[in-house]
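Welcome! Take a look at the sequence and the 3D picture below, and then let us walk through them together.

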Amino acid sequence: MEYETEEQQVEALKAWWAENGRAVIAGVVLGVAVIGGWTFWQDRQERRALAASDAYGEALIAVDADDGARVAELADLLAEEHEGSLYAAFANLAAARLAIAGGDLESAAERLAWAAEHAPQEDVQLVATVRLARVEGALGRVDDGLARLPESYAETFTGLVEEARGDLLVQSGDLEAARTAYESAQASGDVADAAALGMKLDDLAVAESTS
């Protein structure tokens with residue numbers, strides 16, 4: 001619409017504002033609120049990530065100092081306040097390792113079970129699960145340990161999983177199945193200690209020949 005005079009333009013603007021002004025203000029306020037909320041959320045996430053990083057850094061220092069109590073304390077803190085973070089999973093793995101070294105296998109099993117359930121990455125979950133299976137075996141719960149080991153997994157974890165399975169099968173007395181598991185681990189070409197695995201196979205051969 002064209003206006004012949006400036007007064008007509010002013011009056012038209014007043015009429016439009018009277019009709020739409022509240023909606024415009026509401027939109028501006030909402031936009032500011034959304035931007036402010038997003039900024040607040042980002043700041044909060046950054047603060048949380050920094051706090052988790054600091055706690056994990058402290059845990060690493062405590063690991064180097066062989067301070068199992070402090071590592072356990074920080075692992076508990078991270079599990080409570082940063083449940084889905086890798087920091088929490090790694091701290092609990094570290095606390096479990098120190099618990100094993102100290103002979104507290106039940107505590108180690110609890111921490112490994114937590115990491116297996118809450119770690120945000122599948123490979124970390126698998127590592128925790130395999131370690132938990134080994135601890136179950138050390139506690140005499142061989143069947144529980146075997147039940148925890150997965151039947152399907154990424155190929156890169158064949159050595160880790162199958163060597164652990166072989167160790168548990170040896171404990172259970174199933175030497176034939178243990179040999180199959182050990183040979184699968186050996187064929188993968190990716191084991192922690194190839195010489196040690198070879199010795200396990202040699203020991204199996206001796207045991208089988210005398211059984």
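## The overall build

How many helices and how many strands are there in the protein? There are nine helices and zero strands, where helices (H or I, at least four residues) and strands (E, at least two) are DSSP runs, numbered from the N terminus. Read from the N terminus on, the order is α-α-α-α-α-α-α-α-α.

A word on the source: this is a predicted model, in which local features need pLDDT of at least 70 and side-chain atom pairs count only at pLDDT 80 or more, while totals for chains, interfaces and linings use all residues. Residues are numbered from 1 along each chain as its sequence is written, and side-chain values use heavy atoms, with hydrogens and water left out.

The protein has 211 residues, and 33% of them count as buried, meaning under 20% relative accessible area with a 1.4 Å probe, protein chains only. Its accessible surface comes to about 13,000 Å², with 54% belonging to carbon and sulfur atoms; such areas come from the Shrake-Rupley method with a 1.4 Å probe.

## Two nonpolar cores

A nonpolar core is a set of buried Ala, Val, Leu, Ile, Met, Phe, Trp, Tyr and Cys residues joined through side-chain atoms within 4.5 Å. In the largest one, of 32 residues, Val71, Leu78, Leu93 and Leu112 touch the most other members. Helix H3 (86–101) is among the elements that give two or more residues to this core, and H3 provides the largest share, nine residues. Apart from this core lies another, of 18 residues, including Val142 and Tyr182.

Conventions: Buried < 20%, exposed > 50% of the residue type's maximum accessible area, 1.4 Å probe, protein only.
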